[in-house]
Structures are given as C-alpha cells and as structure tokens.
Amino acid sequence: GSGAALPTRVPPYSISRRGFGGSTPRLGFCSLVSGRLSHFDERGGGSGAAPPKPQQPTLKFGFAGDSSVGGDYGGDGFPEVVGFAPGVVGSSSSLALLALGLFRGGDSKVVMDNGIVEVTFSNPEGKVTGIKFNGIDNLLEPRNTETNRGYWDIVWNRPGEASMFTRIEGTVFDVVANTDDVVEVSFISRWSNSSESYLAPLIVDKRFVVRRGSSGFYGYAIFEHPKGWPDLDVGEARIAFKLNGQKFHYMAISDERQRVMPTAEDRASGHILDYQEAVLLTNPSNSELEGEVDDKYQYSCENQENKVHGWISSHPPVGFWMITPSHESHSAGPVKQDLTSHVGPTTLNVFYSNHYAGKDVYLSFRNGEAWKKVYGPFMVYVNSVSPEEDQSRLWADAKAQMLMETASWPYDFIHSDDYPSADKRGSVGGRLSVRDRYMKNSDMAADSAYVGLAAPGVVGSWQTNTKGYQFWTRADENGSFKIKNVRPGVYGLYAWVPGFIGDYRYHLNVTIKSGSEVELGALVFSPPRSGPTLWEIGIPDRTAAEFYVPLPNPWLMNKVFKNDTEERFRQYGLWERYSELYPENDLVYTVGVDNYRLDWFFAHVTRNIGNSTYVPTTWRIDFNLQNVNFRGTYRLQMAVASATQSHISIRINDPSGQPLSSTGRFGYDNAIARHGIHGLYWTFRFDVPGSHLRRGANSIYLSQSSSARRPLRRRHVRLHSL
C-alpha cells in the first residue's frame, strides 16, 4: 500500500500497453506502473482495494473455446481460460496479464501470451502469423498472406535436379513444456514415401518458447535426416520475418550500418542493375533516397559480428530485433558471411547457406547418411519507448539485451534432449604459439588467434563444414584460449593467426564429455614457409581490406557507406571501376616503390570492353634481385580471399610464353558481387626455378583467364627463397 518499488526487474522499454476494450476480466491481476504496484482488483470491478503481496504468475494450459483467435472468446469478450493465477505487468494507462498463456482458437490457431507479447501461429503448420505488442495488433505484415509472415524455409534439391524453395510446414502440433515459467510448443514436419515431391526428405521439429516476464519469444529447430532416407542437397536453412511495412522504416545492423530504408514499393518501381537484388531507386516515397542503390547483400555480416539486428517503428516507437546469442549451429566458422535484415521490411536468421561460399559448403547427404542438428535457439526481442524519448534507446537496449542473452548461454529453459544444458557441456583450453624462425628466433605468442572446435577433418576444413557444430574464441595477447560450453562430441581443434599465412590443426582429435575440462597445454603453429621473404604484397589476414578500394560511381552509391572507408567495399559496382582506372593497360605494381594500400586494386577482375563483353586481365609485379641462385628454387606463395570461377596462370619474365604453373579453376563464392571483402580462403604455392630469374629487374605475370565478370578478390602475395 505504500507504493514501494517491487524487487523484480522490469524489462527496459517493454511495458505492455494492451487494453481489454472495456470488458471486465474474469481473472485476478495487478498492474505495475513505473516499477510500483499501484492497483489491484480481484474481479476487475472495484476501484482499488488495498494491494496484497504480489503473487508469482503461474501457467496453466487453457483453451479459447471454439472461437478464432482475435475474436470474442466469452460472453464479455475475454478469453475463456482455465486456471491462470494473478500476475503483474502493465502501464499507467492500462492493465494486462503477466501470466503465460497458451490458447487454441478452433483448429487453426495457437496463441502464446505472457502479457507483454502475444504470438499467434497457424496450426499445425507452425507459421508465425501474428505478433501483438505495445498497442500494435500485428508487428508482421498484415497485407501478406498468413503463410508469408514468419516461417522457416530451406532451399534444397535431389541430386541432379533443380533447387526448390520450400517453406517448412508442420503436420503435428504438440505442447512440449507447460510450467509456471515457460511454454514451449512444437510443430513437426515429417517426410514419408507418400509425401509430395516438393517436400524434402527430412524431419523438422520447429520449436517456439515464451517465458514469463520476457519481452519477446525464442525459437529453434531440430533438423534430422534419418538413416536410410533418400539423398538430398540443402543450400540454405533459415527463419524469416516479414514485418509491417506501414510501421517499420528504420533498420539497424550495427552502430555504423543503420538508416531509414526504402520500401518494397520503392524497389519495385526502381531500375534493376546487373542482378535483381541490386536496384537503383528512381522514384522512392522518401525523396532523400532517390539515386541510391539498395541491395540486401550490402547489409550482410560475418557470423562473429551477427549478434543483433532489426527494425524500428516510429509510430509508435517500437523495436523488433533478432538476437543470436551463440553461433554454435551456424555453418562454416566465425567469418562466414550471410544476410541479416533488408528491405521488405525483412529480418532473417540464416543458419546455413552457400552465400559467400558456393557449392563448396553444400549440405549433402548420400547413401542414407544419418544426421541431426539443432539450429538455434535465437530470440526475437521487442521493445518500446515513449514518443517523447530518443528512439536510439531502442537500439541501445537491444544491444544490452543481446549481452544478457549471450551471458545466459546455454539456456536452461529449453526442453529438448538434443540441446544440452551447461552442466552437460565441457571446455577446452591451451596456449598457442607461432614458430617462424625467418621472423624471430624464439616462438611468438599467437595474439588474437582464432581458435575453434569443428568436425574432425584436414587443415582448414572448418570453413566448409556445415553438418556439425562449431565453437570459436579469440586467444589473448599471450596466446592463451579457453573454449567454453562445448557440446559433447569428438572435434578437431583448428586455428589461424592474423598476420600469418596458413592454418593450424591439432594433431589429435579432442573428445569433449559432459562436464569435462580439457587442457591441451602448449601448442605450436608453424606457418608454411620454406625460406626468407624476398618481398610481399599485403597482409595475410584473409581479407582484401588492406588493398585499394575505389570510390563508387556517385550515381550508384549507398549513402550509409559514403564516409565509411572501412565499409566502402560494400558499395555497388566497384568491380567496374577497374575498367575505368585501367581502360587499356593492366595494373603494374613495383615492389619497393608502390604502396599496396593505394596501388594494388582490391579485386583482380576482368575488363569491360563494352557491349557486355569482358576479357581476361594480366597483372604485372616488377621487382629487383641483387643475387640469384640459378640452380636453386624459389617459391611464390599466394593467398586468395575470394574467387568465382577463377583461373590464375603464372609466368616469369615472359608474358607470352608458356605458363610456369596455374591454379586450375576454383571458387564459387561470388563475394565481389555480394559486396563482401572476402569469401572462402585459398592458398597456393608455386615453385620457381632459379634459372627463370635474373639478376636485376624481374617481372611476374598473374593472368586471370576466367571470363567471369567478377572472378577474383586478390590478397597477399609473397616470394621467398628455399
């Protein structure tokens, strides 16, 4: 009765403002105003009896009669629900229940409600058809069909057949958990021999979780290919949310990449550029966007940075955020890139795709291979502020929520035997050093090394591993590392060190058991090198970011990157700038004179000679050698950060002679067109007989013989003696 602050945490900016339309609720409830208990009425009909001690909300399973969700459930317009206990939440203007509710509307709807957010699903398909929050009846796009609002999908094919895009639809609904603190439901899709041809031979169990007091909901999916089932390839697995386009106009991917976005209608009326994802905005509804390029790939992100992204509505000020607290189920390691949010408005969580990698990372099953993997969990977080508050607080709060979710991983409220809790996981630690006697006589600490566990394989195989889980960390300045919360299993331990070429793989497999703490002690990585460096171009860091990235054409610009030199590579059409800078003669780089940050173009591309015709290009590296061992052997070492149908031929001092060697055709990642500064990482070593060299001036010719428009993203090149 004193108005003392409650000792419970209220999620920031997420107080519900739902009302009951004047109807009298049948259940007891309290309202919470600015963290203070202000009103209690057991039947909802009095004007304020003395408030009792707040009761903890409990959960009971209730049915909504035979009415459809969103209509009148009982004679007074309030749901006919069985057995809720009093709860707390609300605002100064209305009251709501902070109790977990699970309702069924007839045979077609399932509703999960905790008094803060209400989520509606189709039954038994498991599509998310509605998200009600803060006075907005549906955060998802009501103009879309219910099958095109929130859904899991895959891109897949049978061997030798064309790929298909399939939204995963459940056929069986189940309540997995129903406690005082959490509701978890399941929508299972199961292939059978009698299934339609468009259904992939998989079992997919889509799970959704609502927790007491949580401003949002959680999701994950269990994918399974049972032993003996038909062969298939999977190119992508993700969950997508199509948001209300009349509400959400501001998108945030990071502190630097956020802006007012064009609408789907703006893109539809724009001019399609080289490919359908890239559109020049010619008549947008927001005139400030006219003349800009929009492309969803400009907002891609590496796994390690892809932790929170989403959208903001201004009227009312509400945020919708995808939070990924762990990337253990995402494929291909910490630097694999993928889509996040983009025009639609659309928000994604892409757990697996061949973007920025190509067919080298396809998820393929042959000969009845058995496989199971849990993708997620993730959190959909929603928040709000008052109209008078700075809307940037929504982004700040979303980042704070992401940190809380990350600290809570692995979650202790997931009800699946396929998702081990913290006490059933293990850890591995050690200390990594680098041994390169041509740089230093003593071992060097592997400062900031990437160290990870992935499926057992050869050196570097982690970057194409898609079937298993991966766990990564960064070593400290002493090279010490500890990888925590690892699922039980057998792994290879891999590492790579920025500034050093090549990959490390521990010589033994690492077995993680429940509760185990594996200590590997001192580990040594010896980068591939056969002699002292004579010269090198670039930094061995697996990207092309250190090279010259040109300014975009002013009529093909995305202004969010206009003043951001580190993100300039995300601008559209930069590959065409090579033909403008080198219209006739190709790039020539002189070692010891030129600066690779200014004089080495970031991508070795073909030249546009007009009429959509592209021709191969040859780059020349000029260098001097004071002494040459004509009977010895030298080695040219080349690392490539991205490649698409590339083929590099090497010639020494004779541009028209027979190639000394070549790479063969390699790469399918298409990272240049998708505005990535890297894709898959490739290394090549070419032995150069001393007899091919001269005292004094020498030249190496690197010929890109591919006819692809955007074939190669060049990076580190080194010549050393053996």
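1. Residue classes come first. Ala, Val, Leu, Ile, Met, Phe, Trp, Tyr, Cys and Pro count as nonpolar; Asp, Glu, Lys and Arg count as charged; the others, Gly among them, count as polar. By these classes, the lining of the largest pocket has 18 nonpolar, nine polar and 14 charged residues.

2. A word on the source. This is a predicted model, in which local features need pLDDT of at least 70 and side-chain atom pairs count only at pLDDT 80 or more, while totals for chains, interfaces and linings use all residues. Residues are numbered from 1 along each chain as its sequence is written, and side-chain values use heavy atoms, with hydrogens and water left out.

3. The largest pocket. About 1,100 Å³ of space lies in it. A pocket here is an open set of points on a 1 Å grid over the protein atoms alone, where a 1.4 Å probe fits, with protein on both sides within 12 Å along at least five of seven lines; lining residues have an atom within 4 Å of a point. Grid points are joined across faces, edges and corners, and the volume is the space filled by probe spheres set on the points.

4. Its lining. The largest pocket is lined by 41 residues. Glu-302, Glu-305, Glu-567, Phe-569 and Arg-570 lie nearest its centre. β20 (301-302) and α2 (392-407) each supply at least two residues of the lining. α2 gives the most, with four residues. Helices (H or I, at least four residues) and strands (E, at least two) are DSSP runs, numbered from the N terminus.

5. Arg-505. This residue sits in strand β34 (residues 504-505). Arg-505 counts as buried because its relative accessible area is 17%; buried means under 20%, exposed over 50%, and partly exposed in between (1.4 Å probe, protein chains only). Its side chain joins that of Asn-509 in a polar contact of 2.9 Å. A polar contact is a pair of N or O atoms within 3.5 Å; within protein, one must be able to donate a hydrogen and the other to accept it, and residues adjacent in sequence count only if both atoms are side-chain atoms.

6. What surrounds Arg-505? Leaving aside neighbours within four places in sequence, Arg-505 is in contact with Pro-456, Gly-457, Val-459, Gly-492, Leu-493 and Tyr-494. Contact means heavy atoms within 4.5 Å. Gly-460 is 45 residues from Arg-505 in sequence, and the C-alpha atoms are 7.5 Å apart.

7. Arg-577. Helix α3 (577-581) holds this residue. Arg-577 counts as buried, at 15% relative accessibility. Its side chain makes a polar contact of 2.7 Å with the side chain of Glu-580. Not counting residues up to four places away in sequence, Arg-577 touches Pro-550, Leu-551, Pro-552, Asn-553 and Phe-601.

8. Backbone points to check. Most residues other than glycine have a negative phi, and most peptide bonds are trans. A cis peptide bond joins His-315 and Pro-316, with omega about -5°. Pro-316 is in the loop between β21 (308-314) and β22 (317-323). Another cis peptide bond joins Gly-376 and Pro-377, with omega about 5°. Pro-377 is in strand β27 (residues 371-384).

9. Positive phi. Asn-367 has a phi of about 55° although it is not a glycine. Asn-367 lies in the loop between β26 (363-365) and β27, and counts as exposed at 76% relative accessibility. Arg-542, also not a glycine, has phi near 75°. Arg-542 is in the loop between β37 (533-537) and α3. Arg-542 is buried, with a relative accessible area of 8%.
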